[in-house]
Amino acid sequence: MMERTFEDRLSVSLTLTVEGTAHEIIAGSIKRVALELWSWGFQGEVEFLLMDNHAQGGQSKDALLASFLKPELIEITLGIKAILPQASARAEPTELKVKGFVTDKSLVEDAITTGDSNLILHRRYGIRFQDAAQLLWRQHHPTSLYTGKTVKDVLEAHKGEKIDLSYDWDAGLGSSHPVLFLGLAPQDGASFYDWVMWYVHGHAGVFTHDYTTHGYKFAGAKDTSGTPLTLNALHLSGMEVLMPEVIRHDVTVLNATAVSPQTQAVPHTHAVQGIRHDVLLCTPISDEVQARVDLETARLKPRESELELTWRSFPEKAVAPGALVKLPANDAWSAAGVTKDEVFRVRSLHLYAEVADEDQEEVYGEDYALLSLSLSTRLERKTEAHVELPAWQPPVYPRYVEGLIVSEQGGDADETWQAYTDPDTSVEGYKVKLPLFADQIVPAPFNPNLLPGHFYFPAYKGERVLVGLDFQRAWIKRFLDWRAGARMPQAGQGVQLLVGKTPENGTALKHYYTEDKPVFLMQRTHDKDTQKIQLNEGTLLIQVKEEPS
């Protein structure tokens with residue numbers, strides 16, 4: 001639907017704060033404003049003109065220039081509201097207000113030449129800005145490990161000083177996990193902002209920007225509280241009903257464990273027969289399979305139709321994404337599929353405004369500007385469960401770090417092994433200490449790893465291993481060093497197998513060469529007691545001996 005362009009007098013307030021100093025730009029100086037507001041955040045542009053005739057003896061001095069040229073973070077507060085006639089008895093208009101940070105800047109100086117010098121008359125400033133999370137979290141690429149923590153703990157640790165968060169999602173954020181790992185390398189592309197959106201989408205959560213508090217909220221469902229505002233038909237120009245694409249596939253969840261494989265269908269009413277999405281898991285934990293089935297079932301819920309509204313004037317009661325509204329009560333605003341008194345939620349808002357006459361003089365001292373603008377809003381039904389999120393890139397896993405095997409069996413020097421049983425799942429696992437992350441301990445599967453099952457050689461205490469880290473799990477990728485005393489001289493081309501707690505309390509099987517003749521040795525050692533069987537060229541030695549002190 002074509003947007004309508006109209007002229008309106010608006011009160012526009014713009015404040016730029018640099019290093020704690022606020023610079024207020026009056027409405028008469030503003031030349032252009034563009035805003036795109038979504039439920040999850042916003043972006044915008046502003047251009048404004050500042051006079052600087054102080055060098056010529058005038059009263060106007062540009063106080064912004066020095067701060068604007070610095071690389072310091074600039075906070076922007078922009079407010080727009082309608083202007084009512086002075087004789088109007090209607091209530092004070094409400095303001096559309098955003099608060100974020102500048103991303104890009106531009107500057108053009110308008111100068112005149114007098115004699116041998118140039119005199120500055122005006123400077124035209126341009127800024128582009130975003131909400132805090134978009135700007136700051138997209139430059140945040142942490143590599144951090146958390147054990148026994150909640151996702152809420154992770155968010156609080158990484159939100160930064162400029163961002164406020166609130167929570168209403170215990171199921172998604174409140175449970176502690178054995179492993180939570182952020183491995184967001186800049187070269188892989190995914191930032192902390194991407195990770196947040198990836199997590200919210202993957203767990204059917206809701207992430208919203210609050211245009212009242214200028215913070216963010218994580219929730220398990222969309223907010224339906226509040227009294228809806230009835231829109232005034234005098235401000236509206238047109239309406240279009242939009243019907244999103246219908247899902248045409250079923251889902252099948254597959255669990256590929258050999259012991260208890262599962263194939264669970266998730267049917268969909270509007271699916272075309274034979275068209276499906278297969279989700280492949282490989283987990284021994286049945287609760288994880290059911291959780292994925294529940295998630296896919298929720299995702300198959302069909303989306304409801306939406307409304308696109310265009311405006312003929314800026315509303316007295318400005319609305320931002322998240323606000324609840326009703327259409328005008330008269331029949332002219334009813335449409336197919338829209339019932340009387342139905343409540344909608346503002347999903348997005350798009351505004352573009354520029355001075356009606358670029359050559360007009362600045363209206364200094366006035367708190368309004370005459371602007372030519374277009375304004376549209378997208379509405380969704382109050383009951384709509386679909387969550388709109390910005391484009392995001394999934395994080396890249398796994399990442400690899402070194403660790404040391406943990407065992408509480410025997411003494412500190414004993415190279416013992418130990419399997420730990422998870423009290424919730426009854427699954428056995430190793431414990432691996434990760435020195436890089438303050439010696440935090442992560443669980444890893446207790447399995448043969450790369451060996452076939454008839455070899456039972458668990459990893460021993462203190463063994464150096466390469467650990468693969470996913471977001472919520474860890475595993476042993478490979479073993480990195482030889483056990484103490486295991487290496488043999490290269491000249492003899494020897495190999496050996498060491499078992500037992502220590503070289504002084506264990507058994508060794510060795511094969512090596514003496515004068516290019518093979519030697520096989522099996523030796524048991526316990527302190528001073530040794531027993532061995534040795535096969536040399538032409539001899540067999542069986543010996544039981546106590547070594548002297």
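Residues are numbered from 1 along each chain as its sequence is written, and side-chain values use heavy atoms, without hydrogens and water. In this predicted model, local features need pLDDT of at least 70 and side-chain atom pairs count only at pLDDT 80 or more, while totals for chains, interfaces and linings use all residues.

Start with helix 6, residues 286-299. Helices (H or I, at least four residues) and strands (E, at least two) are DSSP runs, numbered from the N terminus. Helix 6 has 14 residues and reaches 20 Å from its first C-alpha to its last, close to the 20 Å expected at 1.5 Å a residue; the expected span is 1.5 Å times one less than the number of residues. Its buried residues are Val289, Val293, Leu295 and Glu296. They cover an arc of only 165 degrees around the axis, so they lie on the same side of helix 6. The arc is that of the directions from the helix axis to the C-beta atoms. Buried means under 20% relative accessible area, exposed over 50%, and partly exposed in between (1.4 Å probe, protein chains only). Among the elements that cover these buried residues are helix 5 (192-202) and strand 17 (250-255), where contact means heavy atoms within 4.5 Å.

Next come the aromatic rings. The whole structure holds 23 aromatic pairs. Rings of Phe, Tyr and Trp (its six-membered ring) pair if their centres lie within 6.5 Å; planes under 30 degrees apart count as stacked, over 60 as edge-to-face and the rest as tilted. Phenylalanine 181 and tyrosine 397 have ring centres 6.3 Å apart and planes at 55 degrees, so this pair is tilted. It links distant parts of the chain, 216 residues apart: phenylalanine 181 is in strand 12 (residues 180-183), and tyrosine 397 is in the loop between strand 23 and strand 24. Phenylalanine 181 is buried because its relative accessible area is 0%, and tyrosine 397 counts as buried at 17%.

Tyrosine 397 also takes part in a backbone feature: its peptide bond to proline 398 is cis, with omega near 0 degrees. Most residues other than glycine have a negative phi, and most peptide bonds are trans. Alanine 438 has a positive phi, near 55 degrees. This residue lies in the loop between strand 26 (428-434) and strand 27 (440-445), and it counts as exposed because its relative accessibility is 70%.
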